[in-house]
Amino acid sequence: MATTNKKAEDLKNKGNTSFAKKNYAEAIEFYSKAIEIVNTNSAYFSNRSAAYVGLDDAGRALEDADRCVSLNPSWSKGYYRRGCALMLAKNYSEAEKAFSNGLRIEPNNEDLRRKHQTVTELIRNLTSTDATLSPSSIAKEEGTRHFKESRYLEAIDCYSRALHLNPTNEEKIAILNNRGLCYKQLQNFSDVVADCTAVLELQPTNVKALIRRGLAYESIEKYKLAIQDMRRTLEIDPSAHIASEAIARLDRILKMMV
């Protein structure tokens, strides 16, 4: 049973708040202070491990996951954290073992089942392609699997990680387009605009990014910018019906605003 202390719990809760805001460095500070007070609480190490994963620090994430497991070997979360850290370190075979160990304790844990399925598929794909996939491509493929199952936040995390793994410009364009589509599904139109703009800086004639950015501009009522993107789309691809339809719609809106 985990040892608790009110001050340590307060610090943990502050860490959780920072973690939810993706302020991982601040979360780590709070978790570390909680651990200084109580260094036998497995949950504190589990949470700090997750924050280190958020910072792409596989080594420290694994250290905390292992500490979590040693403190509470019957808690499936420790094996989940260990598996996530090992996946970040690209040690997929050991990650698969960690998730399997967690499932032995909690066979119906959906998070463990999904991660185990993901890493199993990665191992299979790597084997079939002679391990030629780049780290960014592996993270991108993981994101795409999440997207297909409508897990958009998880997909965004994977695509964001892929962007930090030195993808080629061609890969970066695909990753940004994919992440932009996730943001669209979440109706986060400002981030759709940001990702599409990044694509267009790399490839100014990318029709997919132009259309998606134009529609995002329309959603946030930046109609003049939206119509510019749609007109640029038709210059590149005169057969893009979605752009011509958008122009007609946007023209009507702009006339009503005069």
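Trainee: Is Ser49 buried or exposed?

Mentor: This is a predicted model, in which local features need pLDDT of at least 70 and side-chain atom pairs count only at pLDDT 80 or more, whereas totals for chains, interfaces and linings use all residues. Residues are numbered from 1 along each chain as its sequence is written, and side-chain values use heavy atoms, leaving out hydrogens and water. The relative accessibility of Ser49 is 0%. Under 20% relative accessible area means buried, over 50% exposed, and in between partly exposed (1.4 Å probe, protein chains only), so Ser49 counts as buried.

Trainee: Which residues does Ser49 touch, not counting residues up to four places away in sequence?

Mentor: Ser49 lies in helix 3; helices (H or I, at least four residues) and strands (E, at least two) are DSSP runs, numbered from the N terminus. With contact taken as heavy atoms within 4.5 Å, Ser49 touches Ala61, Asp64, Ala65 and Arg81.

Trainee: Why are helix 3 and helix 4 described as roughly antiparallel?

Mentor: Axes are lines fitted to C-alpha atoms, for helices over the stretch in contact, and angles run from 0 to 180 degrees between N-to-C directions. Angles under 35 degrees count as roughly parallel, over 145 as roughly antiparallel, 65 to 115 as roughly perpendicular and the rest as oblique. Helix 3 (residues 42–54) and helix 4 (residues 58–71) have axes 8 Å apart. The two helices are therefore roughly antiparallel, as their packing angle is about 160°.

Trainee: How do the residues of the contact of helix 3 with helix 4 divide?

Mentor: From helix 3, Ser49 and Tyr52 are among the residues that meet helix 4, whose partners include Asp64 and Leu71. Ala, Val, Leu, Ile, Met, Phe, Trp, Tyr, Cys and Pro count as nonpolar, Asp, Glu, Lys and Arg as charged, and the others, Gly among them, as polar. The division is seven nonpolar, three polar and four charged.

Trainee: Which residue is joined to Asp66 by a polar contact between side chains?

Mentor: Asp66 is in helix 4 and is partly exposed, with a relative accessible area of 32%. A polar contact is a pair of N or O atoms within 3.5 Å; within protein, one must be able to donate a hydrogen and the other to accept it, and residues adjacent in sequence count only if both atoms are side-chain atoms. At 2.6 Å, the side chain of Asp66 has such a contact with that of Arg82.
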